[in-house]
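I'm opening a new page for this one. The plan is to look things up one at a time and jot down what turns up.

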Amino acid sequence: PSGGMTSMTVDDGRYVGISEAAESTGFSLDTLRWYEREGLFPQVQRDSSRRRRYSPRDVALLRTLARLRRTGMPTREMREFTRLVTEGAATHHQRLALLAAHRERIVARLTELQGDLAALEKKIEHYRYLIEQAWIATHRDDARRRSVTAPDAAGRSSRRKWSPFPA
């Protein structure tokens, strides 16, 4: 690494560059820049070469924002959450209310998804049953069609049904 910026682990209490922050949070470099530009994340400190430097607290906030986004929080609420975080402890009640409301939406969505999953499981079982029944019917019909003529003990021809299973 050049310019005085060294690669460090995020959890060792030191500042990291944008690549390390991206790797640690799962965001792309472009997403990190966009979050900053759009006010979803506060202005990031810069080193003397104007490269972003993320503190452990910055990375922790980014991880929280990643979870909020992944769980469907609208960007306007994420922006509000970030604003409240930057305003300090006086906003704990507001942050709690924002997160509790989001939690309720997640719980409702989970309930809905559990119902959807149960319906999907039934549909999967239905199609497995139909495929199994079609397989049985096909092979039963094949066995009927494959009747073979075979001589009996006296040398006379007799018809016996073909079976994939030995007698």
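**Entry 1**

I started with Glu-125 and Arg-128, whose side chains meet in a salt bridge, 3.0 Å from N to O. This is a predicted model, so I read every distance here as a computed one. Both Glu-125 and Arg-128 sit in helix 5, residues 92-145, three residues apart, about one turn of the helix. That spacing makes sense, because an α-helix has 3.6 residues a turn and residues three or four places apart point the same way. Next I checked how open the two ends are. Glu-125 is partly exposed at 44% relative accessibility, while Arg-128 counts as exposed at 52%.

**Entry 2: Arg-83 and its partners**

Which residues does Arg-83 bridge to? I found a salt bridge to Glu-80, 2.6 Å from N to O, and another to Glu-87, with the closest N and O atoms 2.4 Å apart. Glu-80 and Arg-83 both belong to helix 4, residues 75-86, and they are three residues apart, about one turn of the helix. I then looked up the accessibility of each residue. Arg-83 is partly exposed, with a relative accessible area of 35%. Glu-80 is partly exposed too, at 30%, and Glu-87 comes out as partly exposed at 43%.

I also noted a network of salt bridges that links Glu-36, Arg-46 and Arg-52. The count for the structure comes to 11 salt bridges. As a reminder to myself: side chains of opposite charge can pair when their charged atoms come close.

**Entry 3: helix 4 from end to end**

While I was there I checked the length of helix 4. It has 12 residues and reaches 16 Å from its first C-alpha to its last, close to the 16 Å expected at 1.5 Å a residue. Which residues of helix 4 are buried? I got Glu-77, Met-78, Phe-81, Thr-82, Leu-84 and Val-85. They cover an arc of only 160° around the axis, so they are on the same side of helix 4. After helix 4 comes Gly-88, with a positive phi near 90°.

**Entry 4: a backbone angle at Arg-50**

I flagged it because most residues other than glycine have a negative phi. Where is Arg-50? I found it in the loop between strand 1 (45-46) and strand 2 (52-53). Arg-50 is exposed, with a relative accessible area of 57%.

**Entry 5: aromatic rings**

I looked for ring pairs and the structure holds three of them. One is Phe-41 with Tyr-54, a tilted pair at 6.2 Å centre to centre and 45° between the planes. Phe-41 lies in the loop between helix 2 (29-37) and strand 1, and Tyr-54 in the loop between strand 2 and helix 3 (56-70), so the pair ties together parts that are 13 residues apart in sequence. Are these two rings buried or exposed? Phe-41 is buried at 3% relative accessible area, and Tyr-54 is buried at 1%. I also wrote down one aromatic cluster, formed by Phe-27, Trp-34 and Tyr-35.

**Entry 6: a nonpolar patch**

Which residues make the nonpolar surface patch? I listed Tyr-127, Tyr-129, Leu-130 and Ile-131, with an area of about 440 Å². At 38% relative accessibility, Leu-130 counts as partly exposed.

**Entry 7: the whole chain**

Last, I stepped back to the overall layout. How many helices and strands are there in the chain? I count five helices and four strands. From the N terminus on, the order of elements is α-α-β-β-α-α-α-β-β. The chain has 167 residues, and 25% of them count as buried.

Key: Residues numbered from 1 in each chain as written. Predicted model: local features only at pLDDT ≥ 70, side-chain atom pairs only at ≥ 80, totals over all residues. Heavy atoms only, no water. Salt bridge = Lys/Arg side-chain N within 4 Å of Asp/Glu carboxyl O. Helix = DSSP H or I, 4+ residues; strand = E, 2+ residues; numbered from the N terminus. Buried < 20%, exposed > 50% of the residue type's maximum accessible area, 1.4 Å probe, protein only. Patch = residues over 30% accessible without salt bridge, like charges linked within 9 Å, V, L, I, M, F, W, Y side chains within 5 Å. Areas by Shrake-Rupley, 256 points an atom, 1.4 Å probe, with all protein chains shown as cover. Expected span 1.5 Å × (residues − 1). Arc of directions from axis to C-beta. Phe/Tyr/Trp six-rings, centres within 6.5 Å; stacked < 30°, edge-to-face > 60°.
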